[in-house]
Amino acid sequence: MLLYELDIKDIRKYIDDNKESININNTKIYLDRQKTGYGHKTLLICPKCGERRTKLYSKDNETIGLSCRSCIGTNIYKNRTDIYDEGGMALIEYKLYKLLKSIDYKRSITNKHIPFDYRFYWNCKPKYMRYNKFTLILKQLTALSAMRDTVIIQKCNYDTRYVNALLNSNSLKSLEFNEIFDAIWFHKI
Ligand SMILES: [Zn+2]
């Protein structure tokens with residue numbers, strides 16, 4: 001099960017100081033301000049219980065039905081630890097999903113994101129993201145998708161450290177897109 005996380009830190013810079021609510025996929029989330037030594041801090045109000053929170057969650061990939069960690073009825077920390085699962089599959093999918101969220105994936109010419117095919121995503125660069133960074137993200141998504149295939153078909157196992165190291169390695173950066181699948185399939189990277 002994937003868990004979507006809305007973190008106020010990620011959206012704070014897009015929110016005006018006097019805005020009272022935001023709309024996330026047709027869900028209205030009210031905001032609250034808490035005074036701090038420096039000014040104030042914006043917090044999200046859980047639509048279910050009304051508590052002020054820095055993070056809200058939903059169980060699906062979509063943000064419909066956002067609520068706080070007490071209301072979602074799932075132990076999110078347990079879910080986090082379940083990431084270290086068979087072959088690292090949930091970890092791989094969690095990372096795929098997080099990276100997809102960091103680009104404008106909705107502008108892709110496909111709605112099917114997993115398995116990931118970089119050819120459908122060239123126009124998904126967020127306005128202020130550098131090309132190098134964007135290209136790297138597409139390579140990381142390609143690599144994760146290739147790893148997912150090896151877990152399914154070859155019954156491979158990946159641990160978090162390996163996945164993170166591979167995603168940030170110079171070997172991945174130096175590969176061409178069409179070389180990534182083979183490099184991972186034949187464990188040359
Ligand atoms: Zn709540």
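Modeller: Helices (H or I, at least four residues) and strands (E, at least two) are DSSP runs, numbered from the N terminus. This is a predicted model, in which local features need pLDDT of at least 70, side-chain atom pairs count only at pLDDT 80 or more, and totals for chains, interfaces and linings use all residues. Residues are numbered from 1 along each chain as its sequence is written.

Biologist: How many helices and strands are there in the protein?

Modeller: Read along the sequence, the elements follow the pattern β-α-β-β-β-β-β-α-α-α-α-α-α. The protein has seven helices and six strands.

Biologist: Is Tyr4 buried or exposed?

Modeller: Tyr4 lies in strand β1 (residues 4-7). A residue is buried if 20 or more other C-beta atoms, placed from the backbone, lie within 10 Å of its own, exposed if 12 or fewer, and partly exposed in between. Tyr4 has 20 other C-beta atoms within 10 Å, so Tyr4 is buried.

Biologist: Are α3 and α4 roughly parallel or antiparallel to each other?

Modeller: Axes are lines fitted to C-alpha atoms, for helices over the stretch in contact, and angles run from 0 to 180 degrees between N-to-C directions. Angles under 35 degrees count as roughly parallel, over 145 as roughly antiparallel, 65 to 115 as roughly perpendicular and the rest as oblique. The axes of α3 and α4 come within 10 Å and cross at roughly 155 degrees. The two helices are therefore roughly antiparallel.

Biologist: How many nonpolar residues does the contact of α3 with α4 have?

Modeller: Two residues are in contact if their C-beta atoms, placed from the backbone, lie within 7 Å. Ala, Val, Leu, Ile, Met, Phe, Trp, Tyr, Cys and Pro count as nonpolar, Asp, Glu, Lys and Arg as charged, and the others, Gly among them, as polar. Besides three polar and three charged residues, the nonpolar count is ten.

Biologist: Is α4 roughly parallel or antiparallel to α7?

Modeller: The axes of α4 and α7 are 9 Å apart, at an angle of about 30 degrees. That makes α4 and α7 roughly parallel.

Biologist: Which residues of α7 meet α4?

Modeller: From α4, the contact includes Lys139, Thr142, Ala143, Ala146, Met147 and Thr150. On the α7 side are Phe177, Ile180, Phe181, Ile184 and Trp185.

Biologist: Where is the cis peptide bond from Ile114 to Pro115?

Modeller: Most residues other than glycine have a negative phi, and most peptide bonds are trans. The bond from Ile114 to Pro115 is cis, with omega near 0 degrees. Pro115 lies in the loop between α3 and α4.

Biologist: Is Lys155 buried or exposed?

Modeller: Lys155 is in the loop between α4 and α5 (160-167), and its phi is near 60 degrees, a positive value in a residue other than glycine. Lys155 has 9 C-beta neighbours inside 10 Å, so Lys155 counts as exposed.
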